[in-house]
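Please keep the structure open while reading.

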Amino acid sequence: MARKFDAGYYFSEGFHSIFTHGFMSFAAVCMIVACLLIMGSFSLLAVNLDHMLGDLEAENEMLAYIDENYTEEQARSIQPEIETLPNVTKVTFVSREEALEDYKEGRENNPLLDDLPDEVLRDRFRIHVENLEQMEQTEAAVEQVAGVANVRAAIDIANGFVLARNIATGVAVVLIGILLVVSLFIIANTIKLATFYRREEIAIMKMCGATDAFIQWPFVVEGLILGLTGALLAFFAQWGIYQLVAKLIIQGNGLSLVTMVSYTSMIRYILAIFCGTGALIGVCGSLLAIRKFLQV
């Protein structure tokens, strides 16, 4: 009874089998949707935290204040040494006069600042870093440069973003692992129900010489359809949730510093990952179930 590969037959049988045990099929799809939504949400959180961390690395800086006894020429002579330090990408010199002008900006109505001498502030360097995770080491290296009186760096903020990103990534990995196992279990049990429902038909097919591959394909297709259905539903649900969260963040006055990566800029990658993961869960779950059945 061995026959050539017939995609139409396999898809017809696999699709029909889904409705013979509708509740379990529904549960399997819901489990895949839940798995992908949780996986996608934490992954997108990690992506956005990494994006914001990149923005901080591009914009964040530390200030190195020069010894007040140094002249401007002496202070400028330090710049090449700072530029050679690891993790330093850009160094900008700010003179006392420029620092005072920056300080006065936005305070023009304060008469107390009119007669403030330039010497009240120090020359300083604005130092941009490449990697926020190395901010503390960079600060210590800058402090060792002769002529630098002290350094001010927002290490706590940088470490906070790094910690949040690492936690989000770790939680995503753990949850993905757990939910993948649960999803495989649900799919496998759904396919087991299908094989049990068709056990007499399968027994007759084996007696007539049908190959294991011929028997397996409809169940593999069933798992594939369930996986892709769950993936597409999760993709559109994730899109809606992401857009809602982005809208709330934009409207939130206290979250003006938070920026989110556009969903549409990632849409191809998200769709591919969701469909690939859903298909993998469905096919692997089906193979696990039918292999055990055929070995009996």
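**Sheet and aromatic contacts**

Six bridges join β2 to strand β3 (residues 124-129), and the two run antiparallel. The model is predicted: local features need pLDDT of at least 70, side-chain atom pairs count only at pLDDT 80 or more, and totals for chains, interfaces and linings use all residues. Residues are numbered from 1 along each chain as its sequence is written, and side-chain values use heavy atoms, with hydrogens and water left out.

**Sheet**
- Strands are DSSP runs of E with at least two residues, and helices are runs of H or I with at least four, numbered from the N terminus; two strands pair if DSSP finds at least two bridges between them.
- Val88 has Val129 in β3 as its bridge partner.
- The open sheet has four strands in the order β2-β3-β1-β4, with antiparallel pairing.
- Its edge strands, β2 (88-94) and β4 (148-152), each pair on one side only.

**Aromatic rings**
- The whole structure holds seven aromatic pairs (rings of Phe, Tyr and the six-membered ring of Trp, centres within 6.5 Å; planes under 30 degrees apart are stacked, over 60 edge-to-face, the rest tilted).
- Phe236 and Trp239 are stacked, because their ring centres are 6.5 Å apart and their planes at 15°.
- Both residues lie in helix α9 (residues 212-251), three residues apart, about one turn of the helix.
- Phe236 is exposed at 52% relative accessibility, while Trp239 is partly exposed at 26% (buried is under 20%, exposed over 50%, partly exposed in between; 1.4 Å probe, protein chains only).
- Ring pairs link Phe235, Phe236, Trp239, Tyr242 and Tyr263 into a cluster.
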